[in-house]
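Colleague: I would like a close look at one part of this model, with the terms spelled out as they come up.

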Amino acid sequence: LQLEFPRGPLAAALGGLAIAQRETGLCYREGRGVPADPVAAAAWLSRAAAAGDPAAALSLAEMLLAGEGGQAPDIKSAVAILTRTAELGLPAAQVRLAEVLAAGTAGPPDLVRAYALTLAAGKEFEPAGRLQEELAPKMSKAQLAAAKTEFERLTAKPAKSDPNPDD
């Protein structure tokens, strides 16, 4: 994917365009066209994530989980970012959060929530189907039922409130 920005990618990133901020962050993360710089990468990805770019948030969470750039892993922040991004419906974030929860990276393993997240991501998203197949044999029937209930809670749409309650 080659993106063209009218004033150049850095100008677009500085101008607040989230996709350009994400791409700038990824360039710094991967050392594409600039020297690799995890601090600059995290700063640009953070800006893009704050501007609503879920792919940037996922990349930032991965950096935090791995402790890139000589930093200690920041599991708590990574899980918070993954949770917000998963709630937006990004299947890759749902599966990554499920992996973290199932492995017990952020505390005791939570197979029920992990499985529910894979259901939300959808079996057609291959990594979700693969993780479902891995988790299901480790879970009791009660846990699988609880995961289905959690999935329904995760995917429930809030009820619309009546804009004119006095009418």
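Which residues in helix 6 meet which residues in helix 8?

Modeller: This is a predicted model, in which local features need pLDDT of at least 70 and side-chain atom pairs count only at pLDDT 80 or more, while totals for chains, interfaces and linings use all residues. Residues are numbered from 1 along each chain as its sequence is written, and side-chain values use heavy atoms, with hydrogens and water left out.

To your question: Val95, Ala98, Glu99 and Ala102 of helix 6 meet Pro127, Ala128, Leu131 and Leu135 of helix 8, a contact being heavy atoms within 4.5 Å. By class, the residues of this contact comprise seven nonpolar, no polar and one charged (Ala, Val, Leu, Ile, Met, Phe, Trp, Tyr, Cys and Pro count as nonpolar, Asp, Glu, Lys and Arg as charged, and the others, Gly among them, as polar). Helix 8 spans residues 126-135, and its axis comes within 10 Å of that of helix 6, the two crossing at roughly 20°. Here helices are DSSP runs (H or I, at least four residues), numbered from the N terminus, and axes are lines fitted to C-alpha atoms over the stretch in contact, with angles from 0 to 180 degrees between N-to-C directions. Helix 6 and helix 8 are therefore roughly parallel, a label given to angles under 35 degrees. Their crossing is left-handed, in the sense that the near helix is turned anticlockwise from the far one by less than a right angle.

Within helix 6 itself (residues 91-103) sits glutamine 94, which counts as buried because its relative accessibility is 6%; buried means under 20% relative accessible area, exposed over 50%, and partly exposed in between (1.4 Å probe, protein chains only). Leaving aside residues up to four places away in sequence, glutamine 94 touches Ala86, Gly89, Leu117, Ala120 and Ala121.

Because arginine 130 and glutamate 126 are four residues apart in helix 8, about one helical turn separates them. Arginine 130 counts as partly exposed at 48% relative accessibility, and glutamate 126 likewise counts as partly exposed at 47%. Glutamate 134 forms another salt bridge, with lysine 138, the closest N and O atoms being 3.9 Å apart; glutamate 134 is partly exposed at 45%, whereas lysine 138, at 52%, counts as exposed. A search of the whole structure finds 11 salt bridges.

Notes: Angles under 35 degrees count as roughly parallel, over 145 as roughly antiparallel, 65 to 115 as roughly perpendicular and the rest as oblique. A salt bridge is a side-chain nitrogen of Lys or Arg within 4 Å of a carboxyl oxygen of Asp or Glu.
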